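Here are my notes on this model. Please read them with the structure open, and check each point as you go.

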Amino acid sequence: MRTPQAPPRSPRPRPRTPRLRTALGVGALTLVAGGAAAWELLTPREPAPGPPEVKSFHSRPRLDPDVLTRTTPAGAAPARGLAPGFVFVAVKRGPGQDGPMIVDDRGRPVWFRAVGGDRTATALQVQRYRGRPVLTWWEGNTHLGHGHGEYVVMYASYRELARVRSVASELPDHHEFQLTPRGTALMTLYVERRADLSAVGGRRDGTIVESRIQEVDVATGRLVWEWRSADHVPVTEGLTAPKEDKPHDYFHANSIEVDRDGDLIVSARNTHAIYKIDRPSGRIVWRLGGSRSDFAMGPGTRFAFQHDARRRADGTLSLFDNQATPAKAEESRGLVLRLDRRRMTARLVRSYPHPDGLLAGAEGNLQTLPNGNVFVSWGPEERVSEFSRDGRMLLDLALPEGADTYQAFRFPWRGRPLARPAVAAHRRGERVTVWASWNGATHVRRWRVLAGPSRRALRPIGRPLRRTGFETALHMRTAARFVAVRAVARDGRPLRTSRAIRPTGR
């Protein structure tokens, strides 16, 4: 359901970390018109190391995202062969603020939005709505593996297009949100329902958590289609035992894929199975895995507690095979299977384990990239990785200890913010350090400092300097009362300019 655009929420308070200061290096003095002078670093440097878990910025003091650290390859530029684009994550439960974040191959933020309050975010990715690329993610609260929140759809300008909810008293779950070419969205939600559990050792008057799939029109909020697990899958297919103190979550849908014929492929964590669902009738066309598989499972194809079942362009099926919890194997893996519908067999094509043998008890996904690489999130195991087609690890990013991201993706992205660049500045005598950033802009290559006696009388000083990350520190000597920064494109074209400010200090 589309809701009016809400004002930004205040970010969740976090303990402030010391501001990072960049030491001044060897430079050159450049005289400019009007008596001002710019002291430009010949070799601009990144801020000195600070607290490792949280990133802080002078120009955006309300943003404190978690730090992602590149672990493979260590101490060098990312390996060749990476797919183009940025990494999309939504880190939660870390020492920094929760929220959706885009980072580069070094783990440096490109865009971050703090969700604020006690809310978390998951599943940040790029999708298309009415032919246009958009960002989508879920934000809300989670409890015992179930989410209660809403999905956000945002333009490339970082302006909200819609907030989408399910058509029910229950709020949409965080596991899945897929936009369709018809302007609709497919999403999961969990609803409690009375059921006879005596066949699985439970109460005759028991309660289940029914998985539902809804297709909702994004613009109007109208319900287009709904599927209910209890109408098509008996509780006896669940492979987890009922618990006395809570409803029995026997199915637990966690991914939805629109197949090439328009039917749906749905992953159900707690049946250890993947289902193909006939869209018009809702009937089960076939089951893969679990206790009633229609396919003979070949060597190495059995999976458990899986996530993210996707049909690939070559017809194979990919998924993230958790194998926990409880542990069914020693490690989780990305998995690619080939299904033979004539012989009804499943064959292993390739497995992608992490070199460290990670076992993810929840969450996780595998994304197939256009160049054949795969991108994998390891959920609570605090890693996101990219592998070549043949299984060679090309990139590994580590989250802070205790943090996780439900999924991680790589996409090409061109972000062009409506807001203008941000600036902060500090003076010590005639030495001034200016910090420049533009949250979400992907087309900035250099920054130019403007200075002058008033906000309306600013002139460029020095030469544009290379952007060095989310925030770039620029050093100069000037007696000007006001400074501002201007973003510069790769071809030297000036972009937008920040507001003019007076440097702090004296």
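1. How many residues of strand β21 (residues 317-321) are buried? The count is 5 of the 5, so β21 is largely enclosed by the rest of the structure. Buried means under 20% relative accessible area, exposed means over 50%, and partly exposed lies in between (1.4 Å probe, protein chains only). Strands (E, at least two residues) are DSSP runs, numbered from the N terminus.

2. A word on the source. This is a predicted model, in which local features need pLDDT of at least 70 and side-chain atom pairs count only at pLDDT 80 or more, while totals for chains, interfaces and linings use all residues. Residues are numbered from 1 along each chain as its sequence is written, and side-chain values use heavy atoms, with hydrogens and water left out.

3. Now look at the two faces of β21. In a regular strand the side chains alternate between the two faces of the sheet. On one side of β21 sit Leu317, Leu319 and Asp321, on the other Ser318 and Phe320, and all are buried.

4. β21 has partners. Strand β20 (residues 307-311) runs antiparallel to β21, joined by 3 bridges. Two strands pair if DSSP finds at least two bridges between them. Arg310 stands opposite Ser318. β20 and β21 form a hairpin with 5 residues between them. In that turn, Gly315 has a positive phi of about 95 degrees. Strand β22 (residues 333-340) is also antiparallel to β21, with 5 bridges. There, Val336 is the bridge partner of Ser318.

5. Strands β31 (residues 446-452) and β32 (residues 459-466) run antiparallel, with 5 bridges. Val449 has Ile461 in β32 as its bridge partner.

6. Next, the charged pairs. A salt bridge is a side-chain nitrogen of Lys or Arg within 4 Å of a carboxyl oxygen of Asp or Glu. The count comes to 36 salt bridges. One of them links Glu363 and Lys92 at 2.7 Å, N to O. Glu363 lies in the loop between β23 (345-353) and β24 (365-368), and Lys92 in the loop between β4 (86-91) and β5 (99-103), so the pair ties together parts that are 271 residues apart in sequence. Glu363 counts as buried, at 10% relative accessibility. Lys92 is buried too, at 3%.

7. Asp196 and Arg204 have their closest N and O atoms 3.4 Å apart. Asp196 is partly exposed at 36%, and Arg204 is exposed at 61%. Shared partners also join Arg113, Arg119, Glu139, Glu150, Glu160, Arg163 and Arg165 into one salt-bridge network.

8. Ser498 lies between β35 (494-497) and β36 (504-505). Ser498 is buried, at 5% relative accessibility. Leaving out residues up to four places away in sequence, Ser498 touches Arg420, Pro421, Val423, Ala484 and Val485. Contact here means heavy atoms within 4.5 Å.

How values were computed:
Helix = DSSP H or I, 4+ residues; strand = E, 2+ residues; numbered from the N terminus.
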